[in-house]
Amino acid sequence: MSKAENMEIRAEAAAALREGGLRPTRTRCLILALLRQGSDHPTAAQITSRLNATGEHVHLPTVYQCLDRMVQAGLLSSFVDGDGLIHFDVNPRPHHHLRCMHCGVIVDALITAAGAGLLEALSRTASKLEPTQSWAITNAKVELQGLCPSCRPRNHTGAEGDGRANQTSD
Ligand SMILES: [Zn+2]
Ligand SMILES: [Zn+2]
């Protein structure tokens with residue numbers, strides 16, 4: 001990423017913060033720019049170490065505070081994963097996730113209109129299993145689990161791997 005691109009992403013992050021009613025402080029801009037450049041859903045500790053690795057000096061408590069304010073302002077969403085840690089998501093709208101069972105990476109699942117229709121049908125069925133016990137479904141959140149492209153055994157791509165492909169069939 002060039003310096004100019006970096007500046008542009010930071011300027012966009014600052015604009016988004018102002019739009020969300022937040023003062024674009026240095027740390028808030030750095031965090032939002034970092035999240036917008038990636039596709040995963042890091043924890044506050046991961047965000048802190050990634051920023052520090054790029055030469056920016058930020059502290060975990062400040063990062064936590066900034067993330068919290070951005071979630072409250074509706075710029076980010078957050079969720080507790082199976083690891084018990086809070087993960088932050090640059091996408092504040094309801095959406096679905098893909099999670100790698102080997103390295104733990106979580107990315108947004110791109111669900112087509114057909115998939116969304118299936119989900120809706122599933123919600124309708126689930127809500128009506130027992131007429132007297134029917135639920136009013138307000139939200140559906142799907143997590144699809146598997147192996148990401150980096151962890152997937154190489155032979156699944158059709159190409160021969162280096163013989164060290166991860167076998168995680170257990
Ligand atoms: Zn993986
Ligand atoms: Zn997400």
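Predicted model: local features only at pLDDT ≥ 70, side-chain atom pairs only at ≥ 80, totals over all residues.
Setting aside neighbours within four places in sequence, Leu67 is in contact with Ile31, Ala44, Leu76 and Phe88.

Now widen the selection to the largest nonpolar core, which holds 20 residues. Leu67 is one of the members that touch the most others, together with Ile31, Leu32, Leu35 and Leu76. Colour the helices next: α1 (3-19), α2 (26-37), α3 and α4 each give two or more residues to this core. Which of them gives the most? That is α2, with seven residues. In general, nonpolar side chains in soluble globular proteins tend to be buried together.

Next stop: the loop between α3 (44-53) and α4 (60-72), where you can pick out Glu56. Beyond its neighbours within four places in sequence, Glu56 is in contact with Leu30 and Leu51. Why does Glu56 count as partly exposed? Because 14 other C-beta atoms lie within 10 Å of it, between the limits of 12 or fewer for exposed and 20 or more for buried.

Finally, zoom out and colour by secondary structure. You'll find five helices and five strands in the protein chain, running α-α-α-α-β-β-β-β-α-β along the sequence. Switch to colouring by burial: of the 170 residues, 15% are buried. For contacts between residues at least 6 apart in sequence, 46% link residues at least 24 apart.

Conventions
Residues numbered from 1 in each chain as written. Chains lettered and ligands numbered in written order. Helix = DSSP H or I, 4+ residues; strand = E, 2+ residues; numbered from the N terminus. Contact = placed C-beta atoms within 7 Å. Core = buried A, V, L, I, M, F, W, Y, C linked by C-beta atoms within 7 Å.
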